[in-house]
Amino acid sequence: MPITEKTFSSPKGTITHYTITNKSGASVTLSTLGAGIVSVIVPDKAGRMADVALGYKDAASWIADGPCMGKVPGRFANRIARGHFTLDGKEYTLAINNGPNALHGGPEGFMNQIWDARVVGDNKVVMLYCAEDGEEGYPGNLTVTAEYVWSDDNELTLRLGATTDAPTVINLTNHAYFNLDGENSGTVLDHELKLNASRWLPTDDTQIPTGELAPVAGTPMDFTSFKAIGKDINADFEALKIGKGYDHCWVVDGYEKGRMQTVAELRGPKSGRSLIVSTTQPGMQVYTGNWLAGCPESISGGEYKDYDGVAIECQGFPDAPNKPAFPSSELRPGQEYDEMIVFKFNA
């Protein structure tokens, strides 16, 4: 089927939604606002279709929303301590928008920009954003691309690319929230999650990594075999108290730069749907929607509550610009940032 387009006016300008439908009738809808995922409609074990990505009823509601719903945050996804880093001996200061820290590239960030887009064939949309030198405090003119492909076997591939004309830092991901029983079906705490990660990044009380790569064994952070998300979420464990649930970065086992591998699997017990996540990235921030209550009206006309969706954000490590031992987030002229994330839906 050809890709369909729908436009909406907003305070930011015209937002375009692109819907890609495959042979089986499963579809994804993407938005030029924040290069976002608006919906993912896939079958359950009985063949019934439902939208498994959380979203909003109004296209403009994605602007400056707290959850960063479905969008590509940047220039640096996740947190940078005290909004401060040094690169090549020069200090940079960023907007503070998450306690004492910088989050997701700043209050404007890539997620709140309207990206240029072009349709390629009947299953690909390529979006482009040009961030100026000094935008949100970051150095270098950066050209960013988000290329989405939706396959006939319900696989959504996101390729994130960037080039710069001056040394800079970058960390890109997608911030979609999933509920495999349907976006309007309530909590995901009964979903079962498995992560290819035997270590995680402990943080201080402002959710900045301490620098330690800690073993998950014997802790509530252990998802090395399938476990209900809610099983240990209320455990007497400092990290879970800080975030009001899971909002932490896990270290991908066997990471090699540029190598694609499966890092996470999520199962919805009621629907029989599963989601397999693969990536080239070294980490994954798992966020259990701990602060979803009070966000804009949902795509189905309801109200999301805390823990109604889970985000599995494949990315570089938080605060990497200030942690030399972490995989580098630096990008220099002549280099190409090139990372992939694949969401594969089964039933």
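Predicted model: local features only at pLDDT ≥ 70, side-chain atom pairs only at ≥ 80, totals over all residues.
Thr29 stands opposite Ser39 in β4, and the two strands form a hairpin with four residues between them, Gly34 in the turn having a positive phi of about 70 degrees.

Strand β2 (residues 13-21) also pairs with β3 in the antiparallel sense, over five bridges, with Thr19 opposite Thr29. Five residues lie between β2 and β3 in their hairpin, and Gly25 in that turn has a positive phi of about 95 degrees.

## Burial of β3

Five of the five residues of β3 (residues 27-31) are buried, that is, under 20% relative accessible area with a 1.4 Å probe, protein chains only. In a regular strand, side chains alternate between the two faces of the sheet. In β3 both faces are covered, with Ser27, Thr29 and Ser31 buried on one side and Val28 and Leu30 on the other.

Thr288 lies in the loop between β22 (283-287) and β23 (311-315) and is buried, with a relative accessible area of 1%. Beyond its neighbours within four places in sequence, Thr288 is in contact (heavy atoms within 4.5 Å) with residues including Ile229, Tyr246 and Val310.

## Basis of the values

Residues are numbered from 1 along each chain as its sequence is written, and side-chain values use heavy atoms, leaving out hydrogens and water. Local features need pLDDT of at least 70 and side-chain atom pairs count only at pLDDT 80 or more, whereas totals for chains, interfaces and linings use all residues.

Conventions:
Buried < 20%, exposed > 50% of the residue type's maximum accessible area, 1.4 Å probe, protein only. Pairing = 2+ DSSP bridges.
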